[in-house]
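Here's a quick briefing to read with the model open beside you. Take the topics in any order you like.

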Amino acid sequence: MKRMLNEASAFREEMVAGYVSAYGRYLQRVPGASGVMANDTPAPGRVSVVVGGGSGHYPAFYGLVGQGLASGAAIGDIFTSPSGEQCYRVAKAVDGGAGILFTFGNYSGDVLNFGMAEARLRAEGVDARTVLVTDDVLSASREEADHRRGIAGGFYVFKSAGAAAARGDRLDDVEAFARHANARVRTAGVAFAGCTVPGQDEPLFSVASGQMEIGLGIHGEPGVRVAEQMPAREIAVMLVETLLAEAPADAGRDVAVLVNGLGGTKYEEMFVFYNDVAALLDQSGLIPYNPLIGEFVTSLDMTGMSLSLFWLDDDLKPLLDATASSPAFTSIGPDVEQATASRTWAAAAGTLATDAVATSEEDGIPGGKAGESARAALRQALATIEEMESELGRLDAAAGDGDHGAGMVRGLRAAVQAIDGFGGTARRTFTRGGIAFQNAAGGASGALVGAWLIAIGTGLPDRDEAVDATALALALDQALATLQRLGQAEPGDKTMIDTLAPFSAALNQAAAQGMEISQAWAAALPAAATGMLSTIDMVSRRGRASRLGERSRGVQDAGATSIYHVLHAFGVGFKE
Ligand code: ADP
Ligand code: MG
């Protein structure tokens, strides 16, 4: 696969730099963060709408930052949620004092990371709310509509919220309009071929010739079912019928229509498709309102497209009509005078702290042997996971988006860097490393494994002399509980919990028998291995892979695998 690329590891950074340099007339970089903010932020007294997610989806999400649209966007690595720290920094930079509305697609990594930013803002007294985009009708049944993921229909949610904020609505109303917009937009799509992450040789999934995927995911997750390739008009019938079955009870005749290209599809093909869609809507007595044909949420170079219908009413129509100007979407509405009046530049945003690792009083406490073992454990974990990076990516690609290996390596590299030259306790070694991991890794596992490492740390005694197998087993119990509270997964859901829960139980048993740390750890590892292998036969019920239902069976879970190897490596480190 040929790409315009320098080093794959610098891809996001160089992409953001080029973007900001080109579009300084709309937006600028958030100092010290991977994110952008509109030039009219922070606007005192105005609500800020913050969007975001992984990259690889342009113009989602940062293409929609500008006047009358999103105030800011947090930008993650390819297909990987930005970290909680990044989301927080973007929100802080755009905050005009009237509150923050976070709105983004319903993916576990984004939910976890934006959720952490929201909690942190609230703890500081900033009113922050979240509206998840859940427009993808094929990703879950109508009974489980809240679990659906967000795809191209998010455009209408961001547009509605951004327009409401720009005209000065209060946070309660901006949130309510965003929810209302999300309740009235539905999307369904098809993919003809998968997509390839820059720096990789193989696509994340492939579609056999003569076939297509129905209900694809925008992170290269395969569709929910495979069908024979159909002509455009039959695809139009299938998708229009699927969406009309979801029309709200009070639907009027006006419906906004969006045909979204996934990144590798020609506009001409979208026009062919729209031609069929328009005829079908007409037969159903609907009037397409300001149709939009183009790319709104892409999936790198995936071919295929989605159709969104947005049932308008008296509240939503003015929000859709309102003026907006951003790099990827501009429209001039009847409110143009009002929109240009509130232009203030963001020089006042100031520089945010760039030090990702918080320091603590406990940093001053010198560590002993346990501190050294903890650092050896993290270094060993990095060495092991670096070797497994592509294997973990392959496992994650089978049912998820293929980024798991890269995320784990990024997180562990940051963790090891954060403890380089640090001589403190095991407790602080794990908390320091965990915070750095969480900030750097992104994605669901970034938030979860980061929280697990931090919780191992906070579960340990603050003096290294008191760390024995029993204390360590207790810390692992607490870390498991933290992870489950955060991710809501149970054993059997096909996640890293299936490795960690049996491991923690076995470690407690071994400690109770009076074993030393490294002996107890070695005695508990077989239970972790059995747990990891048991995920092969499970159907995923948590995280990205859960959308695939039965299709997720047969592949060992990526997170269960990586965490097993982390545990194994910790055992090697503890022996040093
Ligand atoms: P993302 O899903 O954001 O791409 P990763 O690919 O890095 O994140 O991690 C995927 C792994 O995370 C899964 O294989 C699974 O083990 C784990 N995981 C996902 N969601 C949860 C959850 N809610 N609780 C525990 N583990 C989870
Ligand atoms: Mg993944």
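Let's start with T265: leaving aside its neighbours within four places in sequence, T265 is in contact (heavy atoms within 4.5 Å) with M270, E295, M302, T303, G304 and M305. Keep in mind that this is a predicted model, where local features need pLDDT of at least 70, side-chain atom pairs count only at pLDDT 80 or more, and totals for chains, interfaces and linings use all residues. Residues are numbered from 1 along each chain as its sequence is written, chains are lettered from A and ligands numbered from 1 in the order in which they are written, and side-chain values use heavy atoms, with hydrogens and water left out.

**More on T265**
- T265 sits in the loop between β10 (254–261) and α7 (267–283); helices (H or I, at least four residues) and strands (E, at least two) are DSSP runs, numbered from the N terminus.
- T265 counts as buried because its relative accessibility is 5%; buried means under 20% relative accessible area, exposed over 50%, and partly exposed in between (1.4 Å probe, protein chains only).
- A polar atom of the T265 side chain lies 2.7 Å from the backbone nitrogen of G304.

**Domains 1 and 3**
- The protein chain is assigned domain 1 (9–132 + 149–170), domain 2 (186–348) and domain 3 (356–575); the bounds come from an automatic or database domain assignment.
- The C-alpha centres of domain 1 and domain 3 are 30 Å apart, and 15 residues of domain 1 are in contact with 16 residues of domain 3.
- Between them, domain 1 and domain 3 bury about 1,300 Å², 53% of it on carbon and sulfur atoms; buried area is the accessible area (1.4 Å probe) that two parts lose on being put together, summed over both.
- F79, T80 and L112 supply 33% of the area that domain 1 buries against domain 3, more than any other three residues.
- One salt bridge is counted between domain 1 and domain 3, where a salt bridge is a side-chain nitrogen of Lys or Arg within 4 Å of a carboxyl oxygen of Asp or Glu.
- The side chains of R410 and D77 meet in a salt bridge (3.4 Å, N to O).
- On the side of domain 1 that touches domain 3, α2 (84–94) and α3 (108–123) each supply at least two residues, with the largest share, five residues, coming from α3.

**Helix α2**
- Why is α2 largely enclosed by the rest of the structure? Because 10 of its 11 residues are buried.
- The buried residues of α2 include C87, Y88 and V90.
- Those buried residues pack against β2 (35–38), β3 (48–55), β4 (72–78), β5 (100–105), α3 and α12 (426–441).

**L319**
- L319 lies in helix α8 (residues 316–321) and counts as buried at 1% relative accessibility.
- Leaving aside neighbours within four places in sequence, L319 is in contact with K159, S160, A163, A164, R167 and F177.

Note on methods. Polar contact = N/O pair within 3.5 Å; in protein donor to acceptor, adjacent residues only side chain to side chain.
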